[in-house]
Amino acid sequence: MKLHYKPGACSMASHIILNELGVAFELDKTDTNAGKTEAGDNFLKISPNGYVPALITDDGDIITENAAVLQYLADQSPDAGLAPANGTLARTRLQEALNFVSSELHKSFGPFFSGTELVGDARQRAETRVGRRAAYIEQSLADGRAFLLGDTFTVADAYAFVVLNWAGFVGVSLAAYPKTQSYVARIAARPAVIKAMVAEGLMEQPA
Ligand SMILES: N[C@@H](CCC(=O)N[C@@H](CS)C(=O)NCC(=O)O)C(=O)O
């Protein structure tokens, strides 16, 4: 398998899951602005929307969209328990969480990455919107559960972690959401996460 990624982008969720699964894979650092892959291919021919993640399976099929890539990866190794079985209510809950992370939490960070400096009222509005989405995560963790679906880490947690981790990067405080902060720290400590962050150049290898 090959994962097209950009350092620190949402594609890191799939990178984390590939590490969690311990399967063989290649990485291709992709320049979405230039539309070029590290190997020199035209990325728009691989992913017509021009964004990561794009996963190329061992059979050469191309899968895009975080929610689809993450579930595909989890389904390759069902014994790893990174997604509940298809057809169950628990799987629907996973899809509910993945869709929330994708269309609500992830997109709430859009204004911070628009390429235009975010100041004044526009920044305030964007911060408020991130805060609303973080508040929902906080509420989801209110019963003391360790992860979004309960006490088991799933692909939705990898995706939520990557997006929540952007808060520090763009200078948005999550201090009002202590359970969410602990949740982020808990996931950040996973060896698969550290490995992905080191490989993407986001942190040094811990001693
Ligand atoms: N709907 C897509 C969105 C993916 C997305 O927003 N990818 C960003 C990185 S987090 C990207 O590649 N942006 C570059 C671009 O749009 O040129 C998904 O869920 O996979």
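Predicted model: local features only at pLDDT ≥ 70, side-chain atom pairs only at ≥ 80, totals over all residues.
Rings of Phe, Tyr and Trp (its six-membered ring) form an aromatic pair if their centres lie within 6.5 Å; planes under 30 degrees apart are called stacked, over 60 edge-to-face, and the rest tilted. Residues are numbered from 1 along each chain as its sequence is written, and side-chain values use heavy atoms, with hydrogens and water left out.

**View 1. Aromatic pairs and the cluster around F113 and W166**. The structure holds 6 aromatic pairs. One of them joins F109 and F112 in a tilted arrangement, with 6.1 Å from centre to centre and 50° between the planes. Both of these residues, F109 and F112, are buried (under 20% relative accessible area; exposed is over 50% and partly exposed in between, with a 1.4 Å probe and protein chains only). F113 and W166 make an edge-to-face pair, their centres 5.4 Å apart and their planes at 80°. Because F113 lies in the loop between helix 4 (89-108) and helix 5 (120-140) and W166 in helix 6 (residues 155-170), this pair ties together parts that are 53 residues apart in sequence. Helices (H or I, at least four residues) and strands (E, at least two) are DSSP runs, numbered from the N terminus. F113 is partly exposed at 42% relative accessibility, while W166 is buried at 10%. A single aromatic cluster is formed by F109, F112, F113, W166 and F169.

**View 2. R190 over the ring of F153**. The charged end of R190 sits over the F153 ring, 3.8 Å from its centre. For such an arrangement, NZ of Lys or CZ of Arg must be within 6 Å of the ring centre and within 35 degrees of the ring normal.

View 3. A backbone N or O atom of V52 is 2.8 Å from a nitrogen atom of the ligand. A polar backbone atom of N66 lies 2.8 Å from a ligand oxygen atom, and a polar side-chain atom of H106 is 3.4 Å from an oxygen atom of the ligand. On its own the ligand has 510 Å² of accessible area, and the protein covers 78% of that area.

**View 4. The salt bridge between K2 and D28**. A salt bridge requires a side-chain nitrogen of Lys or Arg within 4 Å of a carboxyl oxygen of Asp or Glu, and the count comes to 8. In the bridge between K2 and D28, the closest N and O atoms are 3.4 Å apart. K2 lies in strand 1 (residues 2-5) and D28 in strand 2 (residues 26-31), so the pair ties together parts 26 residues apart in sequence. K2 is buried, with a relative accessible area of 17%, and D28 is likewise buried, at 2%.

**View 5. Salt bridges of E127 with R123 and of R145 with D143**. The side chains of E127 and R123 meet at 2.7 Å, N to O. Being 4 residues apart in helix 5, these two residues are separated by about one helical turn. E127 is partly exposed at 25% relative accessibility, as is R123 at 22%. The closest N and O atoms of R145 and D143 are 3.0 Å apart. R145 is partly exposed at 27%, whereas D143 is exposed at 56%. Elsewhere, salt bridges that share partners join E104, R129 and R133 into one network.

Note on methods: Polar contact = N/O pair within 3.5 Å; in protein donor to acceptor, adjacent residues only side chain to side chain. Areas by Shrake-Rupley, 256 points an atom, 1.4 Å probe, with all protein chains shown as cover.
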